[in-house]
Amino acid sequence: MEIEGLISSIASGIMMGGIYALASIGLTLIWGVMNFINFASGQLTMLGMYLCFAFTISLGLDPIASLIIATVTLFVIGLFLEKSVIRPIVNASRFIQIVVTLAVGIAAENIIQTIFGAEIIAMPRGIGSMQILSQVLELGSVRVTVARLLPLPVATLLTILLHFFLTKTRVGLGIRAISQNPYAACIVGINVERAYFITWGIGCSFMGLAGALLMLFQPAYPTVGWEFILVSFMAVTLGGAGSYVGSYISSMIIGVIESLSSFIFVPALRQLIYLSLFIAILILFPKGLFPTREVG
Amino acid sequence: MENILIKLKQNLIIIVLIAIAFIFPLLVKNSPFFLDLLFRTAIYAVLAMAWNLNAGYTGLITFNHIALFGIGAYVSTLLQVLYGINVWIGMFLGGLLAAVIAVSFTYPAVRLKGLFLALATIAFSVVIQVLFINWRIIIVTDTYPRYIGGAVGVFIPLKPESLIDLQWHTTKLPYCYLALILLLLEYLFMYKLMHSRIGYYFLAIKDDEVAAEHTGINTVKYKLLSIGIAAFFSAIAGSFYAQYLLFIEPVSLMSLTFMFTISLIALVGGLGTLIGPLLGSILYVPLSTFLRISIGGTRYASLALVTLAIILIVIIIVFPEGLYGILRRLTEKKSK
């Protein structure tokens, strides 16, 4: 019984890791390419959740379709944010980056609260593909809903796609060049502003997709974003800024640590355990587990 | 004589502010609303000034002040409830304890740079908050045991109005004056500190830590000193706040949103300036209250915060030096 519980909590940790991986890859991309800290990341994930919900309920779309539309919408929101708020402060000090993006996050949170209210919302089970998604599967001793199985393969697939985008396409190579040296990239004729623009779009759509996938099996509330900010920053710091593979791996580790600590200890102390562990890792490895470049 | 006049002229803004601050409560002493506004402005300014010491002067992005604020509130409150110790002693002990906790936490983390320190201190704040939410104390009285603490919070036992017990029930006026005095003391302390050798060490560490170390400054020691001083003032503000509300609970007292509000105030006012945090608080607290009153119905209450966030974003983007920068530019133009 104990062993079965252990296995199923490790499995659910890895499945949750898929969500964290998507959210933290969005963060690490923007951080690595632009050397920009986005503290609104949690709220962008929250926006993904609410948009997925809104498209399903008010437009009557299938949950999977609204998940895709929500991701695309987040891409557009990311482009808009970059153009309006981020571009003036892209070279500003860390403080200004942190506090301005925090303010953006607070604004987003309260816009959502104005529209949807502060109540907890959840996807209704009867609509379209939710009937399949909310069914319970038994894989050995692990019992999961179908929706919980989705994030991990989606995250893996998108990480691979992102890898090909960044190493094979012209735009992607430009983005990587900028992350290594913006001035040199500028001199050889890469359009830095456009690359930043696209990076923000991709980053935000990854964060939004994480939220939309989460919406299929977890309820949402306006302040849910705060729970992601710490987790995705943990993943990025441990994985190294700009390294999406590092973020992917450390997201899985964080997912497992999180679910194990609520399995072994009291669920109420879950945050306490993994945050203390995070502090300990930071103190032992002041530049993260896989340091990529001078950050801070 | 001339020297004094020049000094007065240089510090004209702050003297005018002090005068207004000390006369204002008398004008509104019959309005609990304005007194509350003034009290919160002063307490937020105390916190923002403490944050500014780390962020603006020593260059350390720390987000643990809210936990230290909470520790200050809890120490003075629990000492009163459990042992009947006078609040002033509790306040002082809370400040010392917060400084010790902050320093001993930061000592191993002192190698962390910039954002990593920010993340570690955010994690520290959440850990402290979770601890206080889950920590319940059993008190066995004559008849039955009861719980205090936890998410429910702690009530401070009511006592007759007096300065010794720091409680007033009919009017909030004395709280306002005490908060203003605390603010003034902190301002004077920061002024003295930043015009002393230690203050210059702080600035040197912020500008270039390696260079500072090479000139013989013990950077670890002075970083910890900066963190300890900021922690002490944050905790004192916490005790004051607890005594004002006569009730504390960890969920709203130690929320990260509150922490970020404090840093926003310091940034809007002007980071790394003495009166910047004060100006930020004078703008932020009345503005947020006003917006909450004018927009805050039942359904659209959260639009108030949206407006506030947008106003602050615009201020920071257009004037990266904050309100202090605007003021200085205005006065420089005049003198030309």
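A: Leaving aside residues up to four places away in sequence, Leu22(A) touches Pro151(A), Ala155(A), Leu158(A), Phe206(A), Leu209(A) and Ala210(A); two residues are in contact if their C-beta atoms, placed from the backbone, lie within 7 Å. The model is predicted, and local features need pLDDT of at least 70, side-chain atom pairs count only at pLDDT 80 or more, and totals for chains, interfaces and linings use all residues. Residues are numbered from 1 along each chain as its sequence is written, while chains are lettered from A and ligands numbered from 1 in the order in which they are written.

Leu22(A) is among the residues with the most contacts inside the largest nonpolar core, which has 202 residues; the others listed are Met49(A), Ala103(A), Ile43(B), Val46(B), Leu47(B) and Ala123(B). Helix H3 of chain B, residues 32-58, supplies the largest share of this core, 16 residues. Such a core is a set of buried Ala, Val, Leu, Ile, Met, Phe, Trp, Tyr and Cys residues joined through C-beta atoms within 7 Å. A residue is buried if 20 or more other C-beta atoms lie within 10 Å of its own, exposed if 12 or fewer, and partly exposed in between, with C-beta atoms placed from the backbone.

In chain A, buried residues make up 51% of the 296 residues. Among its contacts between residues at least 6 apart in sequence, 77% join residues at least 24 apart. The secondary structure of chain A comes to 13 helices and 2 strands, where helices (H or I, at least four residues) and strands (E, at least two) are DSSP runs numbered from the N terminus.

Between the chains, 38 residues of chain B are in contact with 36 residues of chain A. On the chain B side, the elements giving two or more residues are H5 (87-109), H6 (114-134), H12 (256-269) and H14 (303-318). Of these, H6(B) gives the most, with 13 residues. By class, this side has 32 nonpolar, 4 polar and 2 charged residues; Ala, Val, Leu, Ile, Met, Phe, Trp, Tyr, Cys and Pro count as nonpolar, Asp, Glu, Lys and Arg as charged, and the others, Gly among them, as polar.

H12(B) is mostly covered, with 11 of its 14 residues buried, including Phe260(B), Ile262(B) and Leu264(B). H12(B) reaches 20 Å from its first C-alpha to its last, close to the 20 Å expected at 1.5 Å a residue, the expected span being 1.5 Å times one less than the number of residues. Gly270(B), whose phi is positive, near 130°, follows H12(B).
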